Amino acid sequence: MKKLVASLFCLAALNLNANTEAVNITDKGFKVTLDWLDEKPKSYAKDFFIIQYLNQKNISEQDAQTAYDMSRAKKGRVKKAFNKRFSKIPNKDLRCYRASSEDLLKENSRCIALGLSIFDATKMSQENLKNAIEKIKDYPTLANDLEIFASDDPFNALLNANTNRFYRLFFDSRDTYRTNIINNTIPQSFIDKLAQENSFNRFIDYVVHRGKLDKIQKSLFNVKNNNKITNQTFFSLALNAINYNKETVALNYLTQAYNKSYLQSDKDKSLFWIYLLTQNKTFLNETAQSWDNNLYSLYAKELLEVSIDNIYYDIDIPNTPSVYNTLDQFEWIKVEVDTKKNLDDVKLAKYTNLFTEASTLPHYAYVLERYARYRKQYFIKPFRNVMQNYDVNRQVLMYAIGRQESRFIPSAVSFATAQGVMQIMPFLSKQLSKDLKEPYNIYEQFLPEINLRYANKHLDSLAKQFDNNPLFIAYAYNGGAGYTRKQFKRGLFKEKNRFEPFMSMEQISYAETRKYGRKVLTNYYIYNNHLNKENKISLSSIFQNLILPN
């Protein structure tokens with residue numbers, strides 16, 4: 001369920017017109033063609049259809065190459081789909097890629113250079129590393145990398161390398177090597193060098209949120225500000241300092257994070273953590289005055305009994321027929337581009353006259369939020385005819401997730417090819433169709449009633465695994481159930497102190513999942529207290545239920 005970026009259908013390809021009420025996207029006659037693809041703008045939507053084209057039988061390698069060349073992202077899933085059918089790697093080279101590190105030592109230098117990864121090199125013995133170095137002298141970059149691993153003191157050899165090599169070997173090494181060999185105190189002079197590179201932000205994210213790298217973590221209490229370091233990096237450095245009881249250091253980093261923040265939600269996050277550190281209610285009050293409805297600002301409002309005055313649940317639309325086709329994402333891309341800048345009264349009037357029926361409610365809400373520069377925030381309730389089939393608790397959860405996944409746009413496709421209102425990955429929707437004992441048609445996932453029903457089936461499983469906890473379900477929906485359980489094994493959501501459960505929420509290893517969980521939980525709180533009036537909840541009570549039993 002990756003983030004919304006672009007998607008889908010063109011009516012002309014389906015031989016339908018914009019006034020057709022029932023769009024039959026399950027028509028077995030529909031096939032993606034090169035001519036159809038050629039008309040579409042480069043986008044993640046187009047990449048999705050290129051993958052469907054590459055998966056079709058009886059296409060030539062030349063046609064497949066033509067389709068591949070049209071893609072926006074010539075890597076990842078598009079490349080995988082192409083290589084699955086028409087691999088460009090010669091058989092003699094495939095042998096090198098597939099060989100073990102021990103078998104590679106029997107091959108020539110070219111084969112070793114092709115097949116030996118840094119990841120595999122970090123588990124080779126010093127003797128084998130030296131043998132490999134002897135054989136690949138005509139590949140100096142790899143040879144110099146292996147020299148570091150083969151040295152008597154690999155960590156100091158890394159420090160004597162340039163920062164680019166340090167970053168590359170750090171990220172490409174296996175976890176155990178990072179933990180056992182690279183995890184050492186880094187001198188301040190080298191930290192200063194590392195901080196001059198953009199890779200420093202990724203490095204800090206890994207060290208603070210993922211690895212068991214305590215010695216490196218203790219080297220991060222004096223990072224100096226520069227224009228390469230992001231607000232999120234300073235926030236992560238603050239968390240790291242708090243974990244080592246360096247609260248003065250943490251306060252300095254949080255101030256830097258606040259000053260570098262552009263988004264109001266990031267400013268609120270820093271302010272709230274400054275309050276947690278200082279217990280100075282001035283910062284809590286400032287957080288409560290925020291116009292953005294995020295987890296931190298809403299909790300501050302709750303603590304100070306400040307009312308929320310910019311949430312809207314309903315939008316008046318005439319519910320008359322619209323010429324806009326909600327299944328044409330290429331048209332939606334035009335709307336996104338058109339409303340990104342200079343969204344004035346004239347443009348708003350245009351979209352007010354275009355988005356006039358119930359199916360366009362999500363699209364209109366999106367435009368209205370942009371028009372208001374997000375100072376008005378819409379928590380709409382689309383697809384009521386479908387959602388009313390579920391109990392109110394499931395409705396709340398599905399609205400909370402759907403708003404974050406796609407803003408309820410039915411035709412949404414992510415860069416990872418997740419589809420529909422609930423952004424279900426194709427591999428998952430295919431499995432869910434088996435569980436539901438239904439024939440599978442990938443295009444049906446753009447029909448809200450089907451996409452929502454499949455999501456409901458998936459949520460049945462996640463709810464059982466995570467005891468109906470909305471935050472943990474959100475983590476699993478985004479990152480996977482196995483990933484979420486691994487986060488718990490790291491010790492998250494176990495302790496009780498003044499920084500919990502906020503520290504655990506901010507220590508989730510993947511930045512996307514970390515942010516996703518906060519946003520879904522915010523949506524859940526808002527939707528529950530609107531739809532579930534007999535069982536309203538406070539954020540305080542939600543947070544109390546986030547501590548797991550030992």
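## Helix packing and nonpolar cores

The buried residues of helix H3 pack against helix H1 (34-38), helix H2 (44-54) and helix H4 (76-86). This is a predicted model, in which local features need pLDDT of at least 70 and side-chain atom pairs count only at pLDDT 80 or more, while totals for chains, interfaces and linings use all residues. Residues are numbered from 1 along each chain as its sequence is written, and side-chain values use heavy atoms, without hydrogens and water.

Helices are DSSP runs (H or I, at least four residues) numbered from the N terminus. In H3 (residues 61-69), Ala64, Ala67 and Tyr68 are buried (under 20% relative accessible area, 1.4 Å probe, protein chains only). Their directions from the helix axis to the C-beta atoms fall within an arc of 100°, so these residues line one face of H3.

A nonpolar core is a set of buried Ala, Val, Leu, Ile, Met, Phe, Trp, Tyr and Cys residues joined through side-chain atoms within 4.5 Å.

| Core | Residues in core | Members named |
|---|---|---|
| Largest | 144 residues | Those touching the most other members: Leu146, Phe170, Phe203, Trp273, Phe493, Phe543 |
| Second, separate | 28 residues | Including Leu34, Leu37, Leu327, Phe330 |

Leaving aside neighbours within four places in sequence, Leu146 is in contact with Leu116, Ala121, Leu129, Ala132, Ile133 and Ile136 (contact: heavy atoms within 4.5 Å).

Helix H26 (residues 392-406) packs with helix H28 (residues 448-465) at an angle of about 110°, their axes lying 11 Å apart. Axes are lines fitted to C-alpha atoms over the stretch in contact, and angles run from 0 to 180 degrees between N-to-C directions. H26 is therefore roughly perpendicular to H28 (65 to 115 degrees). Arg394, Leu397, Met398 and Ile401 of H26 meet Leu452, Asn456, Leu459, Asp460 and Ala463 of H28.

Terms used: Buried < 20%, exposed > 50% of the residue type's maximum accessible area, 1.4 Å probe, protein only. Helix = DSSP H or I, 4+ residues; strand = E, 2+ residues; numbered from the N terminus. Parallel < 35°, antiparallel > 145°, perpendicular 65-115°, else oblique.
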